[in-house]
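Here is a short briefing for a reader new to this structure. Take a look at the model, then read the points below.

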Amino acid sequence: MTATDARGTTDRTDQTSPWPALVALCIGFFMILVDTTIVTVATPAIIEDLQAGVNEVVWVTSAYLLAYAVPVLITGRLGDRYGPKNLYLVGLVVFTVASLACGLTSTIEGLIVARVAQGLGASMMTPQTMSVITRIFPIERRGSAMALWGATAGVATLVGPIAGGVLVDTLGWEWIFFVNVPVGVVAFALAWRLVPRLETNDHRFDWLGVALSGAGMFLLVFGIQEGEQYDWSTIVGPITVWSLIVAGLVVLALFVLWQARNRDEPLVPLSLFADRNFSVSNLAITTVSFAFTAMGFPLMLWAQLVRGYSPTQAGLLLAPMAITSILAAPVAGRLTDRVHPRVLTLGGFAGLGVALLVLQAVLTPDTPLWQLVAAFALMGVGSSFLWGPLATTANRNLPPQRAGAGSGVYNATRQVGAVLGSAAIAVLIDARLAANGLTFSPSEGSAGGGTLPAQVAEPFTEAMAQSLLLLPAVLLLGLLAVVFFERPRHFAARPGTEETSAA
């Protein structure tokens, strides 16, 4: 092992290829992403089997994402202190054992608790992947490395819904979690053997920051997601929905204030945001994560309850998105090292936003399949020019010693977007169902599909389509943000890129 060189390109010996280590890490990352998409497809089956409502099942995802988002701010720093490989392996064990617990539970409450443990494991794993990429790949090859990261997300988008549908149809929803156990064992063995042990740095840990950020996020998300259930009024005694939301915002403001005043080592070094590209990337990925997390719930409910698709058939609807994402990811990776990030991400946001608007416009009980395929294919192309390029641009200007903090903050904001997306879409689905004169009970959530009578299918579809309008509105914020990207510093230092990067 060698120390980082003057350019901050690598911690490893030059004779060792970094690619096998990245592949090993991506297996665990793949498992985390698959787990999220699998749960979305299994939503109707879980509703029926555990006699839960839509909002309760959305908590299965929201609890996971909250437990993922809050600790990820500090697990990146823990990786710097104790080694990214060690943190990754511990997180992988926690995630795998929690997956087993998810499959064994027989109540919605038990499933939510087990999902919290899963989120904690995922929070330990994810920052280490980006940190290792930053430290073992030369700066001019990080775009290609992130292309593999982006392709992993694309494959997970394909495999998750399809594998989840097959498992739900054949073995039951419990097996969407049991399948993680053998994958986790293989991932552990490969990471143990292939991922290098990198140099560590001493850190002080901002536990007050963790407490403030966790409390603030929980209050905010709980208030938003449960608002419709309590008619946006009293929850118990003097506690109201709006008091929880306001309290969450106040606590988060205190968190930011504490980060500014903490002179030791804050959980979120605000100086990171002095780099414009880091700030823009964080805002942009929040909107992307919001949209992708929120999108699955109305679409899977519509596909299974209106069109009568089985979970497998519903999962296959997303295949065009995953396939085009996988095909476009290598192209996006190569261009990320050569083309101004503003150009790539503006195209990505435009493609994704237009695809969602088209999907919302054509969604009816009898929508032709080709229209759905076209919309999802465009989504895949758009997303491939967002996931990898945003992640690469976020960390490209950061020095290696801040890789852990930078990847932790970036992944935290990504997960915050996902948490807010799941909470917001749950509220909107409930609100639009009510506005269309509908209610949703567990008995209507049969995984067998086709359970909604014809007179209900039309207003139900309308409610799902209306809820989708939220997503392009949020993505518009991301599009406006990436307009402010500046040319990455390394472009000017590389021959032949000056002209391209100015595009």
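Phe-188 and Trp-192 are four residues apart in helix H9, residues 180–194, so about one helical turn separates them. The model is a predicted one. In it, the ring centres of Phe-188 and Trp-192 lie 6.1 Å apart, and the planes meet at 20 degrees. That angle is under the 30 degrees that marks a stacked pair, so this pair counts as stacked.

**Aromatic rings and charges**

- Phe-188 is partly exposed, at 28% relative accessibility.
- Trp-192 also has a charge over its face: Lys-85 lies there, at 5.8 Å from the ring centre.
- A charge sits over a ring at Tyr-64 as well, where the charged end of Arg-115 is 4.2 Å from the centre.
- The count of aromatic pairs comes to nine.
- One of these pairs is Trp-59 with Phe-222, whose ring centres are 5.9 Å apart.
- The planes of Trp-59 and Phe-222 stand at 40 degrees, so the pair is tilted.
- Trp-59 belongs to helix H3 and Phe-222 to helix H10, residues 207–226. The pair therefore ties together parts that are 163 residues apart in sequence.
- Trp-59 is buried, with a relative accessible area of 10%. Phe-222 is partly exposed, at 22%.
- Trp-59, Phe-218 and Phe-222 make up one aromatic cluster.

**The chain as a whole**

- The chain holds 22 helices and two strands.
- Of its 503 residues, 61% are buried.
- Take the contacts between residues at least 6 apart in sequence: 86% of them join residues at least 24 apart.

**Nonpolar cores**

- Nonpolar side chains tend to be buried together in soluble globular proteins.
- How many residues does the largest nonpolar core have? The number is 142.
- The residues with the most contacts inside that core are Leu-111, Trp-173, Phe-376, Met-379, Leu-390, Phe-460 and Met-464.
- Helix H12 supplies the largest share of this core, with 17 residues.
- Met-464 touches Pro-298, Leu-301, Trp-302, Leu-363, Ile-429 and Leu-433, leaving aside neighbours within four places in sequence.

**Helix H16**

- Helix H16 covers residues 369–384, which is 16 residues.
- From first C-alpha to last, H16 reaches 23 Å, close to the 22 Å expected at 1.5 Å a residue.
- Which residues of H16 are buried? They are Leu-372, Ala-375, Phe-376, Ala-377, Met-379, Gly-380, Gly-382, Ser-383 and Ser-384.
- These buried residues pack against four partners: helix H12 (276–305), helix H14 (319–336), helix H15 (341–362) and helix H17 (387–396).
- Phe-376 and Met-379, both buried in H16, are among the residues with the most contacts inside the largest core.

- Gln-360 sits in helix H15. Is this residue buried or exposed? Gln-360 is buried, with a relative accessible area of 17%, because the cut-off for buried is under 20%.
- Beyond neighbours within four places in sequence, Gln-360 is in contact with Ala-465, Gln-466, Leu-468 and Leu-469.
- Leu-100 lies in helix H5, residues 84–104. Leu-100 counts as partly exposed, at 38% relative accessibility.
- Leu-100 and Val-179 are 79 residues apart along the chain, and 8.7 Å separates their C-alpha atoms.
- Leu-100 touches Phe-178 and Val-181, not counting residues up to four places away in sequence.

**A positive phi in a loop**

- Gln-51 has a phi near 50 degrees, a positive value in a residue other than glycine.
- Gln-51 is found in the loop between helix H2 (43–49) and helix H3 (54–69).
- Gln-51 is exposed, at 54% relative accessible area.

**Cysteines**

- A disulfide is a covalent bond between the sulfur atoms of two cysteines.
- How many disulfides are there? The count comes to zero.
- Cys-26 is buried, with a relative accessible area of 6%.
- Cys-102 is buried too, at 0% relative accessibility.

Methods: Residues are numbered from 1 along each chain as its sequence is written. This is a predicted model: local features need pLDDT of at least 70, side-chain atom pairs count only at pLDDT 80 or more; totals for chains, interfaces and linings use all residues. Side-chain values use heavy atoms; hydrogens and water are left out. A disulfide is a pair of cysteine sulfur atoms within 2.5 Å. Buried means under 20% relative accessible area, exposed over 50%, partly exposed in between (1.4 Å probe, protein chains only). The expected span of a helix is 1.5 Å times one less than its number of residues. Contact means heavy atoms within 4.5 Å. A nonpolar core is a set of buried Ala, Val, Leu, Ile, Met, Phe, Trp, Tyr and Cys residues joined through side-chain atoms within 4.5 Å. Rings of Phe, Tyr and Trp (its six-membered ring) pair if their centres lie within 6.5 Å; planes under 30 degrees apart count as stacked, over 60 as edge-to-face and the rest as tilted. A charge sits over a ring if NZ of Lys or CZ of Arg is within 6 Å of the ring centre and within 35 degrees of the ring normal.
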